[in-house]
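Thank you all for making time this afternoon.

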Amino acid sequence: MKIAVVTGASSGLGEEFVRVITEKYDEIEEIWVIARRTDRLEALKTRFLNKKIFPISLDLTKHENYETLSEMLESEKPEIKILVNNAGFGTLGNFEEMDLNTQTRMVDLNNRALTAVTSVSLPYMKKGSFIVNVSSIASFAPTARMAVYCSTKSYVLAFSKALRFELKKKGINVLALCPGPMDTEFLPAAGIEKGSSHTFDTLPRVNPAVAAEKALRYASKGRGIYTPRAFYKLYRFLSKVLPHGLVMHLSKT
Ligand SMILES: NC(=O)c1ccc[n+]([C@@H]2O[C@H](COP(=O)([O-])OP(=O)(O)OC[C@H]3O[C@@H](n4cnc5c(N)ncnc54)[C@H](OP(=O)(O)O)[C@@H]3O)[C@@H](O)[C@H]2O)c1
């Protein structure tokens, strides 16, 4: 059985990944959708009728749940054609004012879970399979008031590049998607409401439907990084050539 696995599939960008896979990837027979909110995952079954949707309600910050996923894979032995590591969250605020549990949970979800899900999935991937890891423009340079979030996303970018290099000989591609702000549940959950940050209020928005479609297409064609919108491609370039002390002044949130 050929499957896709999408984490954080219950809303926003993750839901768009599921939609694109149902519409454009005929060879996929089943999509394993992972998140905590069972009702949202179940709703995907009625929304997308042309493919079998298999909801898996897991809190990926709980380490024992990696074992649960591993056991499910061991029992079904599917071929994973597409893995999308999308689950993640962020926060806006000075590090010393932030709650310790929230910051460490962010590392657990954005990094530890992404690493573990990749590790348990890889034995089921073959030549032609690919991985999309959702990073962010926050990975290009440190961002004050998002110290932990931008660090977790830098990890995702570096991990994706190194893994892509390692897996080339097996014919498995890895792409890091680096979007700018998208109007999903992410922003309010991060404490980024309208008026709370002039930078976020003025930054151009990325369309998650377009980002998901292009990320999957580029990943299937062997590309390593995708940054939607020219504005953020320019930011990526500037982050490479300018001192990060200066970039942090320009990107103050
Ligand atoms: N929106 C932006 O501005 C933006 C910009 C750059 C990058 N990103 C990245 O894009 C990705 C998707 O975010 P989004 O914008 O689509 O936000 P979103 O709508 O809040 O989606 C986040 C997803 O992660 C899942 N999730 C959260 N905690 C989880 C946990 N403990 N275990 C399992 N799943 C969990 C959520 O599902 P449940 O709540 O049901 O568990 C949800 O499906 C994230 O990695 C984010 O960092 C977002």
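At what angle do helix α4 and helix α5 pack, and how far apart are their axes? Before I answer, please keep in mind that this is a predicted model, in which local features need pLDDT of at least 70 and side-chain atom pairs count only at pLDDT 80 or more, while totals for chains, interfaces and linings use all residues. Residues are numbered from 1 along each chain as its sequence is written.

Helix α4, residues 100-121, and helix α5, residues 147-167, pack at an angle of about 10°, with their axes 9 Å apart, where axes are lines fitted to C-alpha atoms, for helices over the stretch in contact, and angles run from 0 to 180 degrees between N-to-C directions. That makes α4 roughly parallel to α5, a term that covers angles under 35 degrees. Residues are in contact if their C-beta atoms, placed from the backbone, lie within 7 Å, and the contact includes M106, V107 and L114 of α4 together with Y149, V156 and F159 of α5.

Turning to the strands, β4, residues 79-85, and β5 pair in the parallel sense over four bridges, pairing being called when DSSP finds at least two bridges between two strands. Within that pair, N85 stands opposite N133 in β5.

Is β5 buried or exposed? Five of the five residues of β5, residues 130-134, are buried, so the strand is largely enclosed by the rest of the structure; buried requires 20 or more other C-beta atoms within 10 Å of a residue's own, with C-beta atoms placed from the backbone. F130, V132 and V134 point one way from β5, whereas I131 and N133 point the other way.

Key
Helices (H or I, at least four residues) and strands (E, at least two) are DSSP runs, numbered from the N terminus. Angles under 35 degrees count as roughly parallel, over 145 as roughly antiparallel, 65 to 115 as roughly perpendicular and the rest as oblique. Two residues are in contact if their C-beta atoms, placed from the backbone, lie within 7 Å. A residue is buried if 20 or more other C-beta atoms lie within 10 Å of its own, exposed if 12 or fewer, and partly exposed in between; C-beta atoms are placed from the backbone.
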